[in-house]
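Student: I have a new structure to read. Could you take me through it, feature by feature?

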Amino acid sequence: MNPIAPVSSLADTLKKRIESIKEALGDAVPPDMEDIEFAMETIHRRSEGLLRFSDTYRSLSKTIVPELQNTNLYDLIQSVHRLMFPSLQQKNILLEAKTNNPIITACIGRNLIEQVLINFITNATYAVRDKAEPHIILFSGETTEGNPYLTVADNGCGISPENRDKIFIPFFSTRKNGSGIGLSLSREIVKIHKGSIEIQSKEGEGSAFTVLLSVTGDQLLAV
């Protein structure tokens, strides 16, 4: 948490400085200024999210009540897509954001659920690295029963049957340098939201991690 705090503070300062420059320049604002402003805003928001994420992990033994807000799920995955796209593009991995209902919403702790998706994408990045055409899809939608859900699917190596029951065990990892924290913490975050995680996977073909959420946020407070 200590190194992240000054990054967040500096990003916020630079974002405000950019806003002042734009106001001073008026119509003479360079075209690239919008991209720089978006980058600073993203760095600041994700730094704040990481600080909350770290605090959440440290507090897992306690009752955690998310900062609930009604969130458009397609907007959420588009935000994650913008955040992750540049690094995946450098690895020649195609990242797409799709939906079957662009207006579906859920009452969630946005930063926490965003971090869950980032964890899933990070794992998917390793799963697809040996594929000729690596592909990861972010998907938002609703079930036939009207429950909102979020999915991260890949065309990677898949999960072996013997590892499928182990991947949520804290500190278990199939990667040499993996921490084994991401999925176990993701499961706790989803539990806090009274949701569930479903996994579909076939070795050699890929995996899909789906977060099923409640229709309303009323149940979230009953932790």
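Student: Is Cys157 buried, partly exposed or exposed?

Tutor: Buried means under 20% relative accessible area, exposed means over 50%, and partly exposed lies in between, using a 1.4 Å probe and protein chains only. Cys157 has 44% relative accessibility, so it counts as partly exposed. Cys107, with a relative accessible area of 24%, is partly exposed too. Keep in mind that this is a predicted model: local features need pLDDT of at least 70, side-chain atom pairs count only at pLDDT 80 or more, and totals for chains, interfaces and linings use all residues. Residues are numbered from 1 along each chain as its sequence is written, and side-chain values use heavy atoms, with hydrogens and water left out.

Student: How many disulfides does the structure hold?

Tutor: A disulfide is a covalent bond between the sulfur atoms of two cysteines. The test here is a pair of cysteine sulfur atoms within 2.5 Å. The structure holds zero.

Student: How do I read the sheet, and in what order do its strands run?

Tutor: Helices (H or I, at least four residues) and strands (E, at least two) are DSSP runs, numbered from the N terminus. Two strands pair if DSSP finds at least two bridges between them. Here five strands form an open, mixed sheet in the order 2-4-5-7-6. Strand 2 (94-99) and strand 6 (196-202) are at the edges; each has a single partner strand, so one side of each lacks a neighbour in the sheet. Strand 6 pairs with strand 7 (residues 206-212) in the antiparallel sense, over seven bridges. In that strand 7, Gly206 stands opposite Lys202.

Student: Which strands does helix 4 touch?

Tutor: Contact means heavy atoms within 4.5 Å. Helix 4 packs on the sheet and touches strand 4, strand 5, strand 6 and strand 7.

Student: Why is helix 4 called largely enclosed?

Tutor: Count its buried residues: 15 of the 18 are buried, so the rest of the structure largely encloses helix 4.

Student: Which residues touch the most other members of the largest nonpolar core?

Tutor: In soluble globular proteins, nonpolar side chains tend to be buried together. A nonpolar core is a set of buried Ala, Val, Leu, Ile, Met, Phe, Trp, Tyr and Cys residues joined through side-chain atoms within 4.5 Å. The largest one has 34 residues; Leu73, Leu117, Phe120, Ile136, Leu138 and Leu150 touch the most other members. Helix 4 gives the most to this core, with eight residues.

Student: What does Leu117 touch?

Tutor: Leaving out residues up to four places away in sequence, Leu117 touches Leu76, Ile77, Val80, Leu138, Leu150 and Val152.

Definitions and conventions. Axes are lines fitted to C-alpha atoms, for helices over the stretch in contact, and angles run from 0 to 180 degrees between N-to-C directions.
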